[in-house]
Amino acid sequence: MVATAPDDETLPQYHIEAQTSLVERQLRSLKHGDAFAVLDSYGDIGVFPGPEGLYFQDTRFLSRLELTVEGQRPMLLGSVVQDDNGALSVDLTTPDIRLDAGDETSIPREIIALERTKFLFRGTCYDRIGLRNYDTKPRHLRVALSFDADFRDLFEVRGSDRAHRGKRRVEVTAENEVTYRYDGLDGRLRTTRLRFGPKPVRLEAHRAEFEVRLKPGDRASIFVRAICDTVDQGRDGAAVVGSALPFTHAAYPSPRREDGHPKGEGMTFALAYRDARRDLRKATANITTIESSNDQFNEAACRATADLYMLLSRTPNGVYPYAGIPWYSTVFGRDGIITAMMTLWIDPEIAKGVLRHLAATQATTVDPAADAQPGKVLHETRNGEMAILGEVPFRLYYGTIDATPLFVMLAGQYYEQTGDLATIAAIWPNILAALTWIDEYGDRDKDGFVEYARETEKGLANQGWKDSHDSIFHADGRMAQGPIALCEVQGYVYAAKKGAAKLAALMGDDILSERLKGEAERLRKAFDEAFYLPELGTYALALDGEKRPCAVRSSNAGHALFTGIAYPERASSVAAVLMSKDGFNGWGVRTIAVGEARYNPMSYHNGSIWPHDNAMIALGLARYGLKAEAARVFEGQHGASLYQEGRRLPELFCGFIQRKQRGPTNYPVACSPQAWAAAAPFAFLAACLGLELRHDRNRIRFRDPILPAFLDDVLIRNLKLGDSRVDLLIHRHGSDVTVNVVRRTGHAQVVLLK
């Protein structure tokens, strides 16, 4: 998802600037719906330059919020996002404070405790600052909050320059409220309302001051609400009736007493906090859960689950996993599909929402500026000012070569597990349109392979999952010229047509079913002939516009195993290259192997390690019976998670070799959390267990299961197949694995196949 450029010398287009690393300071992320917050460890925003802010619909609605006591920043004692990602909890205390230059220390440190709780709900950021006096005498404190709202588009925050911006205004709109307004060039009025309770003793455009008097042992609280809102006024400034924006969440209303007066910000905070927690519990109430003999893996699985459900957003078509925070908190086609694939056995509702939403946003016309053609599946959507104005092409952008076959592939997997014919029937016209796009627009030169080339200079130059400007190259380092046929995309097309053939038979179109089967097998044969390179023992990264193979050892070949396009006789050789010392660094499989011309362990796509990429590789290895190799990848990724805060796998990390008593090297601007990274642990476990769920056979099958050395037992609760629910205990006896049914409702069969 990083930007591209036409040559190797210019700064990549839509590049994420990195004057500072996201790993220099521990940042905290919260999300609900279309709002997300990036905070420092204090719960503050904008104290130092960086991506911190409160964002709503791709715009920064709050760029500064700093807490001080007597003009000084408190001392940090601890800061943690709660286990379910529901809120940020921060413990602070006052430093030594001199109230008068001639006195000794007027307030000694550590006698006033501050506890801060922040969460997001319905487009609003809630903040409670609790104070308690542990001194033996009363204390009088001046507490201040400094704030600002710059309404910068997310692409501006990432580093894009703009020649013109809209008009910003700020005013004190009530005795306890400040309102920032931004009249955008796109005709939208964006507002941030800051409401305080109790009423500040002094309130200005960018500052609120409070006086807090505490007797010994007394407590007090200050509440802040930052309410984000957007209204489409039209380009002429007049409000557009009925122009509700997608996914908009109304601010949580202030509760009122029976006499009509507000109950206060404290009650508003409490009610919103209660309802936010209920939302979280409801979202995860019926999912499959995992518990193991390894406490560290349990922590990683719990964090992954919490991240997934924080990143889920409700759309008119169901839930959708937004790609990641801070740069990709929106719908991405490819990311959503792959996340849904890896979590299908945990919660098929994610796949259902992804399929329905991508069907609803599927392109229906030719639009070169959006890289769109009829039947093509969405790559990315943005609601910020720059996207609406066309300064970046991402309002509804289709510049991806893989989302369309992946969409069809997911549909086949979803039906195979759930038997949800109603959903498949509803999106069947979209599946047919996607198949038509693959053949008519995807295969530009009618050679049987699907290729990409952007339609305009504003579009992404590389349109696979490795979309950096330098990610597709030849063995000598020369950039590949398009149209480019990627290795993994041919696999996605193969699997899509195989799956669609089954769906076509289900829908009563046997002619189409047989045609798709034949096309898939012809593609498999052509792929082997054109992409397999005996001298490398693996598949080429891509074919360029002249059909010359990019003879580069890459992780892309692992996706050929994932999709099943690889002939069985190729699997061991491909696996050997992936798991060689040049490919596997101890933590995972590198995107590009050591020794290739553009190998760089610090790059985004040319030597780094991505958890989702490794998860798909592990699933591919397991598909061909290479379970020991799959377990080794799982072990490496689990080991990497132990060095991450909260056991959270990031978007990616650097590909330096594993060193004793040191964790993996962080990538400076990696998103964390990232949806498909959060989904990866579930894919690793499914790969090792050989887990298959088939509704048509009413069967849960474990095919030649294995558990890595760090897991002795795994308890899977509430595994669903049709109307059946089972709890299963998997136990490792040396190299053998047993599966015991602990609880079962329904008649699903559980089969262990060696």
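This is a predicted model: local features need pLDDT of at least 70, side-chain atom pairs count only at pLDDT 80 or more; totals for chains, interfaces and linings use all residues.
Local features require a pLDDT of at least 70 and side-chain atom pairs a pLDDT of 80 or more, while totals for chains, interfaces and linings use all residues. Residues are numbered from 1 along each chain as its sequence is written, and side-chain values use heavy atoms, with hydrogens and water left out.

Strand β6 (residues 75–81) runs antiparallel to β7 and is joined to it by six bridges; two strands count as paired if DSSP finds at least two bridges between them. Within this pairing, glycine 78 stands opposite aspartate 91 of β7. The two strands form a hairpin with six residues between them, and asparagine 85 in the turn has a positive phi of about 65°. Strand β8 (residues 112–121) is likewise antiparallel to β7, again through six bridges, and threonine 117 of β8 is the bridge partner of serine 89.

An open sheet is formed by four strands in the order β5-β10-β15-β14, with antiparallel pairing. Its edge strands, β5 (64–69) and β14 (202–204), each pair on one side only. Strands β10 (residues 139–148) and β15 (residues 207–214) are paired over eight bridges, and serine 146 stands opposite arginine 207 in β15.

Turning to the helices, methionine 507 lies in the loop between α9 (487–506) and α10 (510–531).
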